[in-house]
Amino acid sequence: MPEKWRINTRQLTILVLLTLVGDMSLVYPEIMCSIARQDAWIAAAASIPLGVALIWLLLKLCRLHPESTLVESAQRILGKWAGGAVALLYLQYFLFAGCIYIREIEDFTGTQIYERTPGSVVRIMVLLLIVCGLYLGLEVIGRSAEVFLPLFAFFLVSLFVLLLPQVQWDRLQPVMDTPLITMAEAVKFGVFYPFGEVLIVLMIFPFARSQPHTNRDILIGVLLAALGLNLIVLLSITVLGVYSTEQHFFVAYILAQKINIGEFLQRIEALMGFAWFISTYFKAILYFYGFTLGTAQLFRLSNYRMLILPAGLLAFGLTQLVSPDIIFYIKTIPPFWVSWNITLSLVFPLLLLGVNTLKQSGKRNKQPQTQQ
């Protein structure tokens, strides 16, 4: 079922960049520091080349059938039933991930900005924005990302620049004091927690106007986003310290509260919160786009838009069920979520690539026999 609207390579790259940063700009430092402590920045840096390699693997899977989404490719490679089962697992992941991101926005606004506002009100507002965006289509989503990217980048760069006077490099010591096994665990989180969630690109890649430099641009965008996340981890350790970073759920927001230039430029954390909302919103809407479009493709529906409103109503209830509170999300979900990401962003793509290679080699072996 082809999507009418198309996006260009620049818009696709921006969407991938915002997806990678997404909610990670607030929760990533706390998770990394809770594992590797003052060596979290080293583990985060070590995860970059592995994460880029993971994105390259996903792009290679995209290139197998450039005109097909992940749901369609799974059925073409594995067959109707096995491919359909794999597609159902991905659709379940897309739905749960989208609900998690909405719940993060709800918890963040309810605990940091609008403390007396009921969470259900924030949830309804976010879902209305997502439903409207889905009805407008992928082209509008891509153009909106282009508009908001400079604002997002400005807030992020401002955070780095304005916090430089408060950096204390001695907080990075002792260096490499973390056991090797623990560092490996932190690197695993650094690779599959942010990078693994970029697999949603497999659902929008077919609708981007393909160009020779598409893969290169996407990998550059991924690299820039990863460097931004790692700088936030480094700032969290050198400005707040390891203990404070471990104890705060929304570290980047707390960092923004620390900005104070001449008792004049201060209290700009709401701007950082807005930047985080931008990236998380686009991440959430892409996951719901993947869920509705993939469901329509799996069940051979003529148009995915008929599923948008039911998906929104389903998400309203499921968002409350996926996590009872922010503490449960931070302390309980990440280890299982990383295992889920490993399965869906590494194991299954390798399976699809392997099966496709075997099928292609089998076809090549049959051709000489037919000619004889």
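This is a predicted model: local features need pLDDT of at least 70, side-chain atom pairs count only at pLDDT 80 or more; totals for chains, interfaces and linings use all residues.
A residue is called buried here when its relative accessible area is under 20%, and exposed when that area is over 50%, with partly exposed in between.

Let me start with Glu106, which has 6% relative accessibility and so counts as buried. Glu106 forms a salt bridge with Arg123, and their closest N and O atoms are 2.9 Å apart. Glu106 sits in helix H5, residues 80-113, while Arg123 sits in helix H6, residues 119-136, so the pair ties together parts 17 residues apart in sequence. Arg123 is buried as well, because its relative accessibility is 5%.

The count of salt bridges comes to 10. Another one joins Glu139 and Arg143, at 3.0 Å from N to O. Both of these residues lie in helix H7, four residues apart, which is about one turn of the helix. In general, an α-helix has 3.6 residues a turn, so residues three or four places apart point the same way. Glu139 has a relative accessible area of 16%, so it is buried. There is also a network of salt bridges that links Asp23, Glu197 and Lys283.

As for Leu12, its contacts beyond four places away in sequence include Val201, Phe205 and Ile218.

Helix H13, residues 269-298, also holds Phe274. Phe274 has a relative accessible area of 36%, so it is partly exposed. Together with Val147, Phe148 and Leu151, Phe274 makes a nonpolar surface patch of about 340 Å². Helix H7, residues 138-163, supplies the largest share of that patch, three residues.

Now helix H4, residues 70-78. Seven of its nine residues are buried, so H4 is largely enclosed by the rest of the structure. Among the buried ones are Leu70, Glu72 and Ile77. Just after H4, Gly79 takes a positive phi of about 100°.

Last, the cysteines. How many disulfides are there? The count is zero. Cys99 is buried, at 0% relative accessibility, whereas Cys132 is partly exposed, at 47%.

Methods. Residues are numbered from 1 along each chain as its sequence is written. Side-chain values use heavy atoms; hydrogens and water are left out. Buried means under 20% relative accessible area, exposed over 50%, partly exposed in between (1.4 Å probe, protein chains only). Helices (H or I, at least four residues) and strands (E, at least two) are DSSP runs, numbered from the N terminus. Patches are made of residues with over 30% relative accessible area and no salt bridge: like charges are joined within 9 Å, nonpolar side chains (Val, Leu, Ile, Met, Phe, Trp, Tyr) within 5 Å. Accessible areas come from the Shrake-Rupley method with a 1.4 Å probe; for residues, only the protein chains shown count as cover. A salt bridge is a side-chain nitrogen of Lys or Arg within 4 Å of a carboxyl oxygen of Asp or Glu. Contact means heavy atoms within 4.5 Å. A disulfide is a pair of cysteine sulfur atoms within 2.5 Å.
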